[in-house]
Amino acid sequence: MMPKRPTPPKWADRFLEWYCRPELLEEIQGDAYELFAKRFKNKGLRAARRNFIWDVLRSFRLSTIKHFKLKISPDMMKSNFKIAWRNMSKQKMYSAIKIGGFALGIAACLLIALFIKDELSYDKHYKNADHIYRIVGINKEGEYAGKGVDFPAPFAKALRADFPEIKLIGRLNPNTLFTGGGNPVRRSDETQNNYEEGFTFADQEMLDILQIPMVYGDRAHALDEPNTIVISKRKADKYFPNENPVGKTLIFNDNKDNPVRISGVMQDFPSNSHLQFDFLFTLKGVNFYPGEQENWNASNYHTYVLLRSDTDIRQFENKMYATTFDKYIVPIFRENGMSDEAIAKQRESLRLELQPISDIHLYSADIEDNMLHGDIRFVWLFGAIAIFILMIACINFINLSTARSANRAKEVGLRKVVGSFRNHLINQFLTESILFSLLSFVIGIVLTWLLLPYFNQLSNKTLIFPWQEWWLVPSLVAGALVVGVLAGIYPAFYLSAFKPINVLKGNLSKGSKNSTMRSSLVVFQFTTSIILIIGTFVISRQMDFILNKKLGFEKEQVLMLQGTQTLGEQILPFKNQLLQLSEVKNVTVSDYLPIVGAGTKRNGNTFWEEGKDPQENQVSLQIWRVDHDYVKTMGMNLVDGRDFSVEMPTDSQGVIINQTLAKKLHFDNPIGKSITNGFEKYQVVGVVEDFNFQSLREDIGGICLVIGNSASITSIKVNSNNMSEAIQNITSVWKDFAPNQPIRYTFLDESFARMYDDVQRMGRIFTSFSVFAVIVACLGLFALASFMAEQRAKEIGIRKVLGASVSNILRLLTQSFVKLVLISIIIAVPLAWYLMHKWLEDFAYRINISWDVFVLAGLTAVVIALATISFQAIRTATGNPVDALRSE
């Protein structure tokens, strides 16, 4: 028996035969079959079938579609536009709804398109962006599993020496432990301090890698000398207006003994850069502690490389990791007593990766870098929302066009009788669609321009409408044409297919009876809207949960006074003076606080129980330096042992740990136990109840509180309901101690809420676009309900004459729409549950999505739908049947 000859996909072949003009079919089909046979022979059946489908889709063009010839004379085009305008003017309400819905959908799309364009543009402006990478460390398992960008100080120097593929390598150290982040600043010839943010330490090579443009100074040597700084243009204009500041000095943290010389002024980092620094301290000659630049045991530096253009990235990553691990890491492990088996395990667990600089902003959600950046998942999400809103607007157009087919049927029949071809009618209907689309785009652009300031507030962006870009007008015109054709192609083919004999016999109700397509489109509209409504409810509830969760500390009524390290030795007298105020309950001096940001510090370390093998028992943790009043000021709960006491001198070697750390160290009775990291040793004096000191996206980790000096923030627990009076008295004390420095404060609960600005922002955006989607869907539903009531006016008149009540008529007119909304709810609920469940997985502490969310969203959709159609339904139900039956 002969083997069965392979054939192309039947559905694709039939699709080709369905749409292709007969005079072109033989040639196109023959070429496709010939190419299929060749590809089957060379690439196999799967590739041949895939390419055959692509060939069929690629041939689907206006010039190949049956009955679709674009041979339109200028006079015909002019006539089509006249007829389209006339029809639009005659049906003002329906035209307004079509254009209004379209315009809202287009405005939403344009706003989201501007947002996406900005997100995708990050870090692409650098001259050598294609060859600049950030090094990322990966640990696949164990206590330190995750990704990070902090590396030891000598890491960059080692790579520079070992790998010729690296043209340049540079480091940043923005760590708040080493005065990165924010600091008080002033000119050396002034006495008034100002608080500024955007500080980092940087190598000279960072200027060279990024090719940062300079306003003043020589970039090639700007950070070559010790105790120098490069500042941004905006800061130069602020502190040295209308002058060249190179050679002048600035005082930081009120350290008059160590003025820093300005060696250059750089252009401001653009808003679409993941680096947002205004002050670059040089790393030349810097040792943050003795031997720090040669220490492989502390990781605080972000490392960037510029590679040669011919470098194979994957091969280089493997080579870089293997060499670095064997040459530098293994000796440290052996020095610490690690066994060969443990080293082999570490070799399998660790890895180095190169992250393109243009990927940092959107692809760093799982990388711990303490930087603000976006998330590619949100880009995809908002892109999908834009497409769905535009589809809802297109559906309105399709629904209204096909629903009103009865009104256009007589026109189609008469034009065919007097000699119009189907392609002429298709051109006419597409012209109408394109005219609607062009008008909608014009209104949509105006709406976008008006709504852009509000959208910038929502998204925390500074987007501008690109009026002066060359591509704007061509893109919008092309978009209007494409949207017009896509929205109008189905109604055009549908309406032009009417047969004159059926129309002239009186078959004019086809539009109202052929409702399956319209019903499906209405279901799609409301499914999308309900998903957005559910998303809005879930995000709102998660945010409420975050803000009201019991955290293990008291965040209310705590004022954080910032910049207090400038008081120096006066910090203790300042604290004592604050405690004399009747409004003040407690005061603590420490910048290690249970919130992220606002100048707070973090210090990761590794400890184990003294006397035990560190390789088997070490635990990663945070070690925070606090004063004796920290626990009571923060309202933390001691579950074992005691608090620190100024009357116990041994507390300088004491430590308070949290419950999680006690469990990780396997302490059943932790009080009196000693822990060490090989350099420091502490004895446990107390155990505090677990408290959330990181984002609620993360589980609670281990933490140690030790007595130490970290004085940039003083936290004040206020016991007065009159907060303004308390602030006034605290300000008075501050002025006595720091007359040349303006007071700067925030509240702990407000700073905690700002940690979740991205969640609140996403919630506001979801709410806004939910409203967009619902309005557009309701416009279509209102027009559809009005038309259906118009079509059934005589039927309703007869029913009323025969005794039907108003409630019966209302039920008759609304039940079909309510059924569609209920179907939408059934479809939307599982989809929304899945999507929001995936979103909530980012939070270690999260709500459970309860059934009432879906009930509330469903009721909201039903109420909105009923409210939309009720006006027309009540008007029709209460109308005089004589008016409807007058012509019978």
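This passage walks through a predicted model of a protein chain, from its overall build to a few local details.

The protein chain contains 28 helices and 25 strands. Along the principal axes, its C-alpha atoms fill a box of roughly 105 × 70 × 70 Å. Of its 888 residues, 50% count as buried.

The chain carries 98 positive and 88 negative side chains, with 16 Å between the centres of the two sets.

Helix H26 spans residues 806-840, a run of 35 residues. From its first C-alpha to its last, H26 reaches 47 Å, close to the 51 Å expected at 1.5 Å a residue. Helix H26 also has a kink of about 40°, centred on Thr814.

Asp254 is not a glycine, yet its phi is positive, at about 60°. This residue sits in the loop between strand S9 (249-252) and strand S10 (260-266). Asp254 counts as partly exposed because its relative accessibility is 24%, which falls between the limits of 20% for buried and 50% for exposed. Asn460, likewise a residue other than glycine, has a positive phi near 60°. Its place is the loop between helix H13 (422-459) and helix H14 (472-496). With a relative accessible area of 59%, over the 50% limit, Asn460 is therefore exposed.

Definitions and conventions
Residues are numbered from 1 along each chain as its sequence is written. This is a predicted model: local features need pLDDT of at least 70, side-chain atom pairs count only at pLDDT 80 or more; totals for chains, interfaces and linings use all residues. Side-chain values use heavy atoms; hydrogens and water are left out. Helices (H or I, at least four residues) and strands (E, at least two) are DSSP runs, numbered from the N terminus. Buried means under 20% relative accessible area, exposed over 50%, partly exposed in between (1.4 Å probe, protein chains only). Lys and Arg count as positive and Asp and Glu as negative; His and the chain ends are not counted. The place of a charge is taken as NZ of Lys, CZ of Arg, CG of Asp or CD of Glu. The expected span of a helix is 1.5 Å times one less than its number of residues. The bend at a residue is the angle between axes fitted to the seven residues ending there and the seven starting there.
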